[in-house]
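Please examine the sequence and the structure before reading each solution.

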Amino acid sequence: MAALRTPICDTLGIRHPIFGFSHEPDVVVAIAEAGGFPVLGLGRDAPGQIPAIVEAVERRLDGRPYGIDLMLPAKVPQQADPRGLKAALPPEHVAFVEGLRARFAVKPPGAPSFFITHARSEALFQAQIDAVLQSNARAVVTAIGLRASLIAQARSRGKLTMSLVGTVRHARKALDMGVDVLVAQGYDAGGHTGPIGTLSLLPQIVDAAQGKPVLAAGGIATGAQVLGCIGAGAQGAWLGTLWMAARENHTPPALMRRLIDSGSDDTVISRAHSGKPCRVVRSAWIDAWDEPQAPAPLGMPYQQVLTGDVFASIHEHGDAALIYEAAGQSVFGITRETTVAAQMEQLVSEMQAAWRRLGAFVTA
Ligand SMILES: Cc1cc2nc3c(=O)[nH]c(=O)nc-3n(C[C@H](O)[C@H](O)[C@H](O)COP(=O)(O)O)c2cc1C
């Protein structure tokens, strides 16, 4: 059976209307090879390393189209030295985290990590923006914050601009700034989310987009869901959580176990990770921030200045009780370790099965 395609497949030169977000270059390359559109997240990389990361990915992609995603919230400090920011943290929060470190016997991190050495700041964002504009990425995607100047500069370089939106108000703002493609990212999604579920959000964003392409994100783990979203007006689906099951993601074994063992109801929206509402898979660390004696998490980027070394440590040491990651309700789709190629093949065959089912179920 022929691939099921939408107009954006031709715009971007991809085989399947499946968009894959990942921070991991190996996943990005594998998604492109499997015929999807990969989007490389650079929100966890030190600015000094970004040009080399982008160059290496482009070499491996060998001309295949890809996008770059930046998370650019407003109201962050100008400079990113976490040592300076650390000194200004509220003593109550510092004491609470010290208590958790002792209670859970958190090992000190041994390896360097973005979460220890960097805090989100304007200086960091500017370095990321420069690298993205100089790259050959076909698409530039922004999440959380919208920057009119980045959108204008990206468009003037012939790049397609995309924006993750969680409300109609947010979508209108993006459209006013000239964004080409909206990603309707629902509450079900892994990572930072708004308050509206994907199924309710999508038709509202399709309506607001007035003909501009819309992708659906959040809670999607099967090809039937992809086709359902296309039926509701999307031109494709944008997935994040699912790829963590792929070998190419190098997911720490303890996290892989947690993802496999978790269902949709094991994910929660918490501010404990970044300071902004973020859907994560629960662990003892996340739960501890919900206990009655816990202080309210700090805002972005201070919560990560406060706890970034713990996040780095529990990943480095594979702490089975504490390990967590951003993950959506789509975690139900993670049942074993697999590969990106196998995942894409399954998504595509499920789309085709759903297409046939529609033909059998629906009468005109
Ligand atoms: C581990 C992880 C990290 C993420 N980091 C980002 C990010 O840096 N920027 C971004 O725009 N979206 C990020 N997201 C959200 C994805 O872009 C996407 O919207 C989301 O994963 C879709 O929902 P799903 O997880 O149910 O597939 C992240 C998602 C996950 C699972």
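**Exercise 1.** Which residues are linked with E98 in a network of salt bridges?

*Solution.* The model is predicted: local features need pLDDT of at least 70, side-chain atom pairs count only at pLDDT 80 or more, and totals for chains, interfaces and linings use all residues. Residues are numbered from 1 along each chain as its sequence is written, and side-chain values use heavy atoms, with hydrogens and water left out. A salt bridge is a side-chain nitrogen of Lys or Arg within 4 Å of a carboxyl oxygen of Asp or Glu. By this criterion, E98 is linked with R101 and D309 in a network.

**Exercise 2.** Determine where the salt bridge partners E122 and R147 lie, and whether they are buried or exposed.

*Solution.* Step 1: the two side chains meet at 3.0 Å, N to O. Step 2: E122 belongs to helix α7 (residues 122-134) and R147 to the loop between β4 (139-143) and α8 (148-156), so the pair ties together parts 25 residues apart in sequence. Helices (H or I, at least four residues) and strands (E, at least two) are DSSP runs, numbered from the N terminus. Step 3: both E122 and R147 are buried (under 20% relative accessible area; exposed is over 50%, partly exposed in between; 1.4 Å probe, protein chains only).

**Exercise 3.** Explain why the ligand lies between two domains.

*Solution.* Step 1: domain 1 comprises 1-76 + 121-243 + 337-355, and domain 2 comprises 81-117 + 252-335; these bounds come from an automatic or database domain assignment. Step 2: both domains give residues to the shell around the ligand, so the ligand lies between them.
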